[in-house]
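Work through the exercises below with the structure open beside you. Each task is followed by its solution in steps.

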Amino acid sequence: MEFLARKVKSNGEIDTRHMNGSSQVEKNKRSDSAMSPPPPAQHDKSGATLGVLKQSLVGSEWKCTRGMERDRIGMWGTGEGEALSKLSGLDRLRHPGLNKGMAFTIEERQTLGIHGLLPARVKTQDEQVQMCKLSIDRYEDPLNKYIYLMGLLDRNEHLFFRLVAENVAEMMPIVYTPTVGLACQKFGLVYRRPRGLFITIHDKGHVYDVLKNWPETDVRAIVVTDGERILGLGDLGACGMGIPIGKLALYTALAGIKPHQCLPITLDVGTNTQTMLDDPLYIGLRQRRVRGMEYDEFIDEFMDAVVRRFGQNCLIQFEDFANANAFRLLAKYRGKYCTFNDDIQGTAAVAVAGLVASLRITKKKLSENTIVFQGAGEAALGIAELCVMAMKTEGTSDEDARRRIFMVDSKGLIVKNRPEGGLNEHKEKFAQARPPVKTLAEVVDIAKPSVLIGAAAIGGAFTAAILRKMAEFNERPVIFALSNPTSKAECTAIEAYSNTDERAVFASGSPFPEYRTKSGAVLKPGQGNNSYIFPGLALGIISAGIIDITEDFMLLAAEALSEIVTDEDLAQGSLYPPLTEIQNCSVKIAKKLVEHAYKCNKASVQPQPADTEAFIRAQMYDDRYTNALPQVYAWPESSPRVDML
């Protein structure tokens, strides 16, 4: 295949040259690098020179394929960010990705021209981390801790990510759930500086132009929300931006995805929450939420604009969209874009990982369990579908697997031809052939489940009576209270243990303190947080250049996470590894996904690395400071000289 490369001469004529495409492909294959270097930056589309070219093609055999233009084509290099030759010393102090604060050495300060702008003391990064820990401990209010951490992220990225990575158990509840929910509710109060893009419905027709305003061009991962279903808090509109920011902070802290390659985006189409519209501090559009065709066209334009700007390989993670939109957008875009929905698929993977780990305690197959769900939204349905997939790998038929799953929504048990209705195509797949049942307690009596999962954000839904019933039916009842934030949890760890004679196998979505049994043993309830899954999932997708993210990748991620759980973890009552191990979890999950991608020919990064884990780790962000001065090296004395006349 041949293609025609064209350039415009200074006199305006078009110069053409033919190049054999197949030979170029062979050259690429012979490259020693697994990822090709970044292409040159594209010139402004509005430039006069390009205009001459396009006008000259009108009426000729060439057609202007405007819709096929891309800022990026193919895979990029490792992505190290700024060209240092463009930066002054002052730029380094102002750039959060390059600033080291008082860790700049005296030599660096003098050479960069910033000597005197900092106090005389030179601190190590270790000392700075300790100082940050002391500073954050001074605050009692979690929201103030969040504001402090976001301020640190705005000033010094390396320090922020090292602080979070080395103190995951303490920092993750602040950066993400549950504190991020409060931060979203108060986002108009905590907003300080631009971090991410707000694209509104009024920008429809110009979404690509807004994306071009983002200063980084090497974007590999986007987390996007429209703010309609933030955690269990509802429609927060533009204030939902706290979720993409928090998710992408964990992308870097927990999986080493470079921060400049991450872009949080909020699609502001309005909000239907009147308190937000009436709030003088609300930062978004003061209008009712846009629906229907206009909304769909806006989302379509956004997806196309992302590919045009950042390439087909750019990961787009959908976050906190309402149920009605989440499922249909996932079905619409999967297989066409590099995308997944964390609320549906990420929650499913982390929950199934916990269920698979629990089988080592209950000594059952997954297909031998009966599962009751409180809730039939995107999280619950995502978990249920992945459970069916996992049961089928054990040899169970699809019909038998679905018969073992009972789902309860706001109208009661999902049954065929339910008089109250409220069934969509996703719920109907789990409709039982039974008479209608109204309450969760009645469903538990009828189904006698071995597993009870809550994902409906109804605080206290697992009553003491229901928990005692679970203990009657099972030697080791499995109780998952997955709703966030903590106030929306179906039950607490104490309630689960105390009402089941301390026999419950418990996991939650929010963190709960340790529980001391009557015998003096300490149980550490596992937190089934999506953070165990989505960072490693994204790392694997980006490392291998996976574009088509199918459900088998989600099941593999769940299996990889369950395999990391040790017998010691299970003995302490935890179905998940300690949070201190979460970075290693991300690498192990990514490794399993990358290897599978090459087996099924879904990896676009070529050639396949000989050592998968070493290759993945080589792509990861290093939160340690590097030398701010360029490397200096000697040239040989035999270099060419000019004799003096």
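The model is a predicted one.

**Exercise 1. State the strand order of the open sheet and find which strands stand at its edges.**

Step 1. The open sheet is built from five strands, arranged 3-5-4-6-7, with parallel pairing.

Step 2. Strand 3 (197-200) and strand 7 (339-341) each have a single partner strand, so one side of each lacks a neighbour in the sheet; these two are the edges.

Step 3. On average, neighbouring strands of this sheet are turned by 25° against each other, direction ignored.

**Exercise 2. Describe how strand 3 is joined to strand 5.**

Step 1. Strands 3 and 5 (residues 262-268) run parallel and are joined by four bridges.

Step 2. Opposite Phe198 stands Thr266 of strand 5.

**Exercise 3. List what Ile265 touches, leaving out residues up to four places away in sequence.**

Under that condition, the contacts of Ile265 are Leu197, Ile199, Leu211, Ile222, Val223, Val224, Thr225, Met241, Pro244 and Phe302.

**Exercise 4. Is Thr252 buried or exposed, and what does its side chain contact?**

Step 1. Thr252 belongs to helix 12.

Step 2. Its relative accessible area is 5%. Buried means under 20%, so Thr252 is buried.

Step 3. A polar atom of the Thr252 side chain lies 2.7 Å from the backbone oxygen of Ile257.

Step 4. Not counting residues up to four places away in sequence, Thr252 touches Phe161, Ile257, Lys258, Pro259, Cys262 and Tyr621.

**Exercise 5. Compare the span of helix 26 with the expected one, and find what covers its buried residues.**

Step 1. Helix 26 (residues 582-599) has 18 residues and reaches 26 Å from first to last C-alpha, close to the 26 Å expected at 1.5 Å a residue.

Step 2. Among its buried residues are Ile582, Gln583, Cys585, Val587, Ile589 and Leu593.

Step 3. The cover over the buried residues of helix 26 includes helix 7 (157-166), helix 12 (242-255) and helix 24 (551-564).

Step 4. After helix 26 comes Asn601, with a positive phi near 60°.

How values were computed: Residues numbered from 1 in each chain as written. Predicted model: local features only at pLDDT ≥ 70, side-chain atom pairs only at ≥ 80, totals over all residues. Heavy atoms only, no water. Contact = heavy atoms within 4.5 Å. Expected span 1.5 Å × (residues − 1). Buried < 20%, exposed > 50% of the residue type's maximum accessible area, 1.4 Å probe, protein only. Polar contact = N/O pair within 3.5 Å; in protein donor to acceptor, adjacent residues only side chain to side chain. Pairing = 2+ DSSP bridges. Axes fitted to C-alpha atoms, helices over the stretch in contact; angles between N-to-C directions.
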